[in-house]
Amino acid sequence: MAERSGQSCFKSKKTGHGSYSTNNQKGSVRLVRLEGNTVKLPKVGWVTLCLHRPRMKNSTIKTVTISRTPSGKFYISILVEYENQILPIMPKKFLGLDFAMHGLYVASDEDDANYPNFLRKTEKRLAQAQRKLSKRQKGSHNREKQRLRVAVLHEKIANQRRDFLHKKARDLVDKYDAIGIEDISVKAKRKKGGKFSFGKSVAGNGWNMFTNMLEYKLAWQGKQLIKIDKWYPSSQICHVCGYQNNETKDLSIREWDCPKCGSHHNRDKNAAINIREEARRISA
């Protein structure tokens with residue numbers, strides 16, 4: 001680390017994730033190359049960093065946000081302004097994605113996501129580490145060391161999830177011009193009475209994070225993320241003949257035969273195909 005004139009001050013006392021932002025006023029924040037990548041921050045001075053991607057040419061630094069994770073790692077997010085004209089393209093290749101509680105999604109023209117469930121694979125180790133933490137005396141050095149172990153486990157799970165979602169989103173965006181999804185609000189809730197609980201599955205697969213990634217990655221290339229109305233009966237319509245089978249409102253029915261044309265359907269794959277065709281109709 002190069003010369004420093006101060007230390008960062010995080011205001012939050014309630015959470016382990018602290019952050020603060022500073023604006024670039026009259027060049028108070030500068031990104032330079034000095035035996036590697038360094039950044040100059042007001043009141044802090046020069047700090048070395050591992051730059052994730054090169055700064056855009058002819059860009060202006062607007063805001064810098066420094067954050068600290070519960071495991072003690074520091075990250076810096078640099079907001080820059082630059083001119084970039086993105087021309088929208090006429091979509092030709094469409095894809096439909098149907099949300100899957102345990103597998104992230106089922107795709108109309110791709111293999112299923114088969115999300116690895118990083119949280120469930122690590123939850124036994126996580127539970128053991130948290131039990132040890134609960135037995136440590138508050139304010140002790142051993143408690144702080146155990147707290148750090150728990151934080152590192154949580155951070156690893158989050159990083160694995162984020163890496164998986166980024167790679168899946170990038171792969172789909174590069175292949176297709178428009179992607180259709182249902183405009184649903186997925187929340188980690190326990191059903192009344194405690195009979196059904198999807199909270200861990202919803203929190204574990206990161207569907208909302210994935211759709212946000214899809215949206216901005218598509219926009220960068222002039223492509224579209226098309227959201228289908230949540231009341232569209234994608235799982236009830238036969239994608240071959242268009243017959244609507246109301247019996248499939250029962251979620252326990254995972255496969256069915258169309259009474260009109262006799263086509264056999266997997267519930268989720270059929271829904272993904274219908275979402276794709278509805279996205280095609282909307283964009284026309």
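The model is predicted: local features need pLDDT of at least 70, side-chain atom pairs count only at pLDDT 80 or more, and totals for chains, interfaces and linings use all residues. Residues are numbered from 1 along each chain as its sequence is written, and side-chain values use heavy atoms, with hydrogens and water left out.

Overall picture. The protein has five helices and 12 strands. Helices (H or I, at least four residues) and strands (E, at least two) are DSSP runs, numbered from the N terminus. Of its 284 residues, 38% count as buried. Buried means under 20% relative accessible area, exposed over 50%, and partly exposed in between (1.4 Å probe, protein chains only).

Now the salt bridges. Side chains of opposite charge can pair when their charged atoms come close. The rule here is a side-chain nitrogen of Lys or Arg within 4 Å of a carboxyl oxygen of Asp or Glu. The count by this rule is 12.

Take Lys175. Which side chain does Lys175 meet in a salt bridge at 3.3 Å, N to O? Glu110. Lys175 is in helix H2, and Glu110 is in the loop between strand S8 (104-107) and H1, so the pair ties together parts 65 residues apart in sequence. Lys175 is partly exposed, at 34% relative accessibility. Glu110 is buried, at 18%.

Lys175 also bridges to Asp171, with the closest N and O atoms 3.5 Å apart. These two are four residues apart in helix H2, so about one helical turn separates them. Asp174 and Arg170 form a salt bridge too, at 3.1 Å between the closest N and O atoms. They are also four residues apart in H2, about one helical turn. Elsewhere, a network of salt bridges links Asp109, Arg276, Glu277 and Arg280.

Next, the rings. Rings of Phe, Tyr and Trp (its six-membered ring) pair if their centres lie within 6.5 Å; planes under 30 degrees apart are stacked, over 60 edge-to-face, and the rest tilted. That gives seven aromatic pairs. Why is Phe118 with Phe164 edge-to-face? Because their planes are at 70°, with the centres 6.3 Å apart. Phe118 lies in helix H1 (residues 118-135) and Phe164 in helix H2 (residues 141-175), so the pair ties together parts 46 residues apart in sequence. Both Phe118 and Phe164 are buried.

Ring pairs link Phe99, Tyr105, Trp207 and Phe210.
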